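Here is a friendly briefing to read alongside the model. Please have the sequence and the 3D view open as you go.

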Amino acid sequence: MSIVVTGATGALGRLVIDELLAGGVPAGEIAAVVRDEEKAAPLAARGVELRIADYNAPETLTGAFRSGDRVLMISGSEVGHRVSQHAAVIDAAKEAGVAQFAYTGILGGPEADFALAAEHRATEELVLASGLPHTFLRNGWYTENHTGNLAPVLAHGVVLSNAGEGRVASAARADYAAAAAAVVTGDGHLGKAYELSGDVAWSFAEYAAAVAAASGREIAYNPVTPEAHLAVLTGAGVPAPFAEILVDVDLAVARGRLAGTSGDLARLIGRPTTPMERTVAEAVAAVPVP
């Protein structure tokens, strides 16, 4: 039996494996499902088993899982293609007879009504239909989704959003990784759905204030219409389909869809979630000074 992490070279997958190793799981009991063996070389160097497979090639998934494995399937990154990709992983896991199938979905699960959530809802339905012993990790927003794009905010002194006064209960990506590690190493999680989010929901005005405090610069929050936000994003070179997703997410924020604070994340990791302000300060410190 192994603990198997798919998408293990991605930002979340790497952190999950870090958490497993730090928590005392022997490297030889961890398997990383990856597409690129060369990219995964650092994991192999740590003693983690590599299983080479591709979500887009179902035949490669045949040997990715074994009877009794505890599997964490990290959702694919190719929006628009994820249902078929996830279905292939689910089929392979069922055929292998895994002991647990944990899936990283999205906050709200079947109640999430925005475009980015559709593939996650469909995946949960596939998991339920498969009969796999499962755990749903419904991840809320990563604070890094915003701090990863700080350079233009600092350059222009503006946080732009069409979320209005909506609030986001984000947490650091490492918090979600710690929760995933806890679920695949602990007991009592089968059949559970966890609504994972930060302890505190913040507004974009508060986010702008946090960036200002960390950078020592004047940073304003500029609420705009969805149409204006879309025009700014596409004008900055963001592909239109992705820009539309970002605008739609902000509309979901305005409706309160990413503001839930169930406390599930803090309970799973055994500590408070990382404050938005801390992640902002760390990200500001890492941005090159022009």
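Let's begin at Asn162, which sits in the loop between S7 and S8; helices (H or I, at least four residues) and strands (E, at least two) are DSSP runs, numbered from the N terminus. This is a predicted model, in which local features need pLDDT of at least 70, side-chain atom pairs count only at pLDDT 80 or more, and totals for chains, interfaces and linings use all residues. Residues are numbered from 1 along each chain as its sequence is written, and side-chain values use heavy atoms, with hydrogens and water left out.

- Is Asn162 buried or exposed? With a relative accessible area of 5%, Asn162 is buried; buried means under 20% relative accessible area, exposed over 50%, and partly exposed in between (1.4 Å probe, protein chains only).
- Asn162 and Val224 are 62 residues apart along the chain, yet their C-alpha atoms are separated by 5.0 Å.
- Setting aside neighbours within four places in sequence, Asn162 is in contact with Val224, Thr225, Pro226, His229, Val247, Asp250 and Leu251, where contact means heavy atoms within 4.5 Å.

**Helix H10**

- H10 covers residues 240-254, and its 15 residues reach 21 Å from the first C-alpha to the last. That is close to the 21 Å expected at 1.5 Å a residue, the expected span being 1.5 Å times one less than the number of residues.
- The buried residues in H10 are Ala243, Ile245, Val247, Val249, Asp250, Ala252 and Val253.
- What do these buried residues of H10 pack against? Their partners are strand S7 (158-161), strand S8 (167-168), H8 and helix H9 (226-235).
- Just after H10 comes Gly256, with a positive phi of about 85°.

**Helix pairs**

- Two packed helices are described by the angle between their axes and the distance between the axes. Here, axes are lines fitted to C-alpha atoms, for helices over the stretch in contact, and angles run from 0 to 180 degrees between N-to-C directions.
- H1 (residues 11-22) and H7 (residues 173-185) have axes that come within 8 Å and cross at roughly 55°. H1 and H7 are therefore oblique to each other; angles under 35 degrees count as roughly parallel, over 145 as roughly antiparallel, 65 to 115 as roughly perpendicular and the rest as oblique.
- The crossing of H1 and H7 is right-handed. A crossing is right-handed if the near helix is turned clockwise from the far one by less than a right angle, and left-handed if anticlockwise.
- On the H1 side, Ala11, Leu12, Leu15, Val16, Glu19 and Leu20 take part, meeting H7 residues that include Arg173, Tyr176, Val184 and Thr185. The residues of this contact between H1 and H7 divide into 12 nonpolar, 1 polar and 2 charged. For these classes, Ala, Val, Leu, Ile, Met, Phe, Trp, Tyr, Cys and Pro count as nonpolar, Asp, Glu, Lys and Arg as charged, and the others, Gly among them, as polar.
- H8 (residues 204-215) and H12 (residues 276-286) have axes that come within 9 Å and cross at roughly 45°, which makes H8 oblique to H12. H8 passes H12 in a right-handed crossing.
- Glu206, Tyr207, Ala210, Val211, Ala214 and Ser215 of H8 make the contact with Met276, Glu277, Val280, Ala281 and Val284 of H12. By class, the contact of H8 with H12 has 8 nonpolar, 1 polar and 2 charged residues.
- H3 (residues 82-96) and H4 (residues 118-130) have axes that come within 10 Å and cross at roughly 20°, so H3 and H4 are roughly parallel to each other. Their crossing is right-handed.

- Ala40 lies in the loop between strand S2 (30-34) and helix H2 (41-45). Ala40 is buried, at a relative accessible area of 0%, and beyond its neighbours within four places in sequence it is in contact with Thr9, Val34 and Leu50.
- Glu37 is also in the loop between S2 and H2, but Glu37 is exposed, at 52% relative accessible area. Not counting residues up to four places away in sequence, Glu37 touches Leu50 and Ile52.
- His134 belongs to strand S6 (residues 134-139) and counts as buried at 14% relative accessibility.
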